[in-house]
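Hello,

Here is the structure I promised to pass on. Please open it first, then read my notes below.

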Amino acid sequence: MESEIKCYTSDHLSTEEQSICDKPGVEINSNLDMSLSQAESHKLPIDKTLVSEFKQMKLEKEAQKNWDLFYKRNTTNFFKDRHWTTREFEELKSCREFESQRLVLLEAGCGVGNCIFPLLEEDRNIFIYACDFSQRAVDFVKQHPLYCPERCKAFRCDLTQDDLRGKVPPASVDVVTLIFVLSAIHPDKMVRSLENIFRVLKPGGCVLFRDYGLNDHAMQRFKAANKLGQNFYVRQDGTRSFFFSKELLAELFEGRGFHSVANDYVFRKTVNKKEGLCVQRVFLQSKFTKAHQTETSP
């Protein structure tokens with residue numbers, strides 16, 4: 001996976017890969033221990049919610065506006081295209097029952113299309129539903145030269161409130177990608193998002209997940225004043241981020257009818273030799289499936 005990075009010095013992170021530096025680094029696989037050293041533990045915010053209830057309610061109410069402002073400031077220039085998805089998730093190629101099958105994919109939280117356009121370019125036999133919380137992000141997707149209504153349908157959707165079946169036929173999707181998206185949703189509403197996804201996924205279909213893991217470097221960079229709840233923080237721009245343990249993630253998915261196939265931490269050391277920086281990244285990479293037999297939606 002390539003680094004998607006902006007600013008190492010910011011205490012208020014504002015992207016899935018922010019907090020390293022403004023030059024691309026090199027990722028090195030590392031068998032790191034999940035436990036923190038005593039010095040690292042002291043860097044984490046104390047286990048107390050310091051952001052007021054009023055501000056938390058305001059952040060939730062203005063969540064869409066904050067993401068729209070994010071894309072207004074950064075347009076399509078912030079994240080790099082994710083050419084690593086087919087390498088990290090072989091299911092994007094191998095899950096077809098037969099070679100000529102047209103794969104139907106839902107990119108839940110598509111942003112400006114950094115994942116979908118490399119897939120559309122690489123795989124000519126794929127159709128992608130792409131939704132995002134931000135209308136501005138969806139508009140950027142539709143303005144992309146590779147956007148084609150015959151191969152892609154982009155629409156705004158709040159996964160916690162809007163029924164996906166209004167845009168996507170029930171039980172019609174082969175694969176759902178959920179990459180650095182669930183962490184931006186309030187923990188109390190994550191279950192609703194998974195229920196929503198469950199309804200449009202085919203029996204036997206899978207969800208491919210990648211997001212922040214517990215004790216990631218980004219988590220350690222937050223200050224106590226940015227803490228909203230356990231493992232949940234707010235950035236300076238008003239967007240929020242949650243950091244998952246694999247146990248909690250399995251509980252969330254399995255509680256909504258999914259079966260866990262793979263669910264583990266991915267450890268990286270991101271190195272920038274020019275800047276002399278080396279930071280620990282912890283991600284969760286997982287695969288969950290919907291059982292083949294007929295089920296009632298949660």
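In which loop does Arg-124 lie? It sits between helix H6 (116-122) and strand S3 (126-132). Keep in mind that this is a predicted model.

Arg-124 counts as exposed because its relative accessibility is 64%, and the cut-off for exposed is over 50%. Arg-124 and Arg-102 are 22 residues apart in sequence. In space, their C-alpha atoms are 8.8 Å apart.

Next, the interior. Nonpolar side chains tend to be buried together in soluble globular proteins. Here the largest nonpolar core has 41 residues. Leu-164, Val-173, Leu-178, Phe-244, Phe-253 and Phe-258 touch the most other members. Helix H8 (residues 190-200) gives the most to this core, with five residues.

Leu-178 deserves a look of its own. Leaving aside residues up to four places away in sequence, Leu-178 touches Ala-108, Leu-194, Ile-197, Val-207, Leu-208, Phe-209, Arg-210 and Phe-253.

Last, a sheet. Three strands form an open sheet, in the order S7-S8-S9, with antiparallel pairing. Strand S7 (227-229) and strand S9 (240-242) are the edges, and each pairs on one side only. From one strand to the next, the twist averages 25°. S7 and strand S8 (residues 232-234) run antiparallel and are joined by two bridges. Lys-227 stands opposite Tyr-233 in S8.

Best wishes

Methods:
Residues numbered from 1 in each chain as written. Predicted model: local features only at pLDDT ≥ 70, side-chain atom pairs only at ≥ 80, totals over all residues. Heavy atoms only, no water. Core = buried A, V, L, I, M, F, W, Y, C linked by side-chain atoms within 4.5 Å. Buried < 20%, exposed > 50% of the residue type's maximum accessible area, 1.4 Å probe, protein only. Helix = DSSP H or I, 4+ residues; strand = E, 2+ residues; numbered from the N terminus. Contact = heavy atoms within 4.5 Å. Pairing = 2+ DSSP bridges. Axes fitted to C-alpha atoms, helices over the stretch in contact; angles between N-to-C directions.
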